[in-house]
Amino acid sequence: MWKQPYFVIGFSILAFFLVGSFVYEWIWGNVPRQIYYVMENGRAVEGAPLSPSWQYPLGTDQYGYDLLGKLMLGAKYTILAALAVAALRMLIAVPAGYILGIYLDKHRKWLSSFADSMHYIPLTLFAAYVLTPVLWMPEEGFSTTLWERIAIQVVMMAILTVPIVSILIANEAALLKDKEYILAAKTLGAGRLRIIRKHLYPQMREKIAVLYGQQVMETFIILAHLGLLNLFLGGTKVSYDPLFGDPPMSISYEWAGLFGSTFRYLQGAPWLPLMPVLFIGLAIFSVSLMMEGYLRSKKPKIKKIANPHKTIRSSNGTVNSYGRKWCG
C-alpha cells in the first residue's frame, strides 16, 4: 500500500499535522503569539480579531491569538484522539462481533434489530449526556488533568458505538460461515476458534481496515458536533464571572473546540469557525485517501493492453483497438 499514491498522500497530510503540531510546540511553546491591534503611522487601524494577512495567514481570534498557531497546537489532540477512539472501538467490537456471529448466532437477529434502531438516534446526544460531567469545568475547577479527561472521553466515545460495529462484524461473519470452504473445514474437524483465526479473519481483514477508517471519520464528525454543544476535547474552560465572564473556551486548542467556541463569529469574522472546519475536512479527506489507497493495493488492477481482435470507433471517426484484463 506504500506504493499507492492515494495512501501516501493521505498519510502525508495526517503526518504533516501531527509532526507539525509537536514541532510547533517545541519551537514556539504551547501559547500562540498574540497581537491586540495593527498600528500604521502611529495609530491603530485594526483590532482583534484580525483578518488573514501575510503576517497572520489564518488571522487571529477575538483575543488576538494567532489562529494558525492554535490549530497547529490542537492538531495532535484532535488527530490522536480520533485515531484512539476508532482503535479502541475496533479492539472491542471485532472480538465481540466474532463471538456474536459464531457462538451466539441464535441471538444475533434480535440484537441486530436492536442495534439497527440505534442508527436513528443521534449519538451526539448520548455523548453529550455522559461527557458533560467530565468536560464541563465546575466552579471550583477541574479535579482531573487534561490527559485524564481526554482518556475518559476516548473510552466513552469508543464504547458508545461498539454495539453497532459489533453487529456489522457479526452479520458479515454469519454470512461467511455458510461458505463451502468453511463447511468443509467444519467437516474436517476445525473448531470455531480455528475457523475465526484461519478463515474468517483473513477474509474480513480488508473490511475491518475500511471499517476502522470509517470510524475515524465518524469520530471527527462527533467531535465537531460536541464542539457546537460547547463540549471540547480535554475539557471546556468556563468563566463564572457574572459581569465580565468569557464564553466557554477550549483548553487544548483542538479543532472541534475552536470551531464550536467561534461559531457565533460566522458572519462577522468567518475565518474563525471556517478554518477549523477546513482542517477537520482535510483530516477526513486524508483518511478517505488512505482507505482508497489501501483498497487499491489489495484489489486487482485493471490494465489496458493491446487487443488486435477488438476495434472501437471513436466519436471523431478514429478506429482504435484495445483490450482489458484482470491481473492480481
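Where does Asn 230 lie? Asn 230 sits in the loop between α8 and β3 (236-237). Helices (H or I, at least four residues) and strands (E, at least two) are DSSP runs, numbered from the N terminus.

This is a predicted model: local features need pLDDT of at least 70, side-chain atom pairs count only at pLDDT 80 or more, and totals for chains, interfaces and linings use all residues. Residues are numbered from 1 along each chain as its sequence is written, and side-chain values use heavy atoms, with hydrogens and water left out.

**Backbone**
- Most residues other than glycine have a negative phi.
- Asn 230 has a positive phi, near 65°.
- Asn 230 counts as partly exposed because its relative accessibility is 24% (buried means under 20% relative accessible area, exposed over 50%, partly exposed in between; 1.4 Å probe, protein chains only).
- Tyr 253 also has a positive phi, about 65°, and is not a glycine.
- Tyr 253 is in the loop between β4 (249-250) and α9 (255-261).
- At 18% relative accessibility, Tyr 253 counts as buried.

**Salt bridges**
- A salt bridge is a side-chain nitrogen of Lys or Arg within 4 Å of a carboxyl oxygen of Asp or Glu.
- The count by this rule is five.
- One of them joins Asp 66 and Arg 33 (3.3 Å, N to O).
- Asp 66 is in the loop between β2 (43-47) and α2, and Arg 33 in the loop between α1 and β1 (37-40), so the pair ties together parts 33 residues apart in sequence.
- Asp 66 is buried at 3% relative accessibility, whereas Arg 33 is partly exposed at 39%.
- Asp 61 and Lys 70 meet at 2.7 Å, N to O, and both are buried.
- Arg 296 pairs with Glu 292, with the closest N and O atoms 2.8 Å apart.
- Arg 296 and Glu 292 are four residues apart in helix α10, so about one helical turn separates them.

**Largest pocket**
- Elements giving two or more lining residues are α1 (5-28), α2 (67-103), α8 (192-228) and α10 (271-298).
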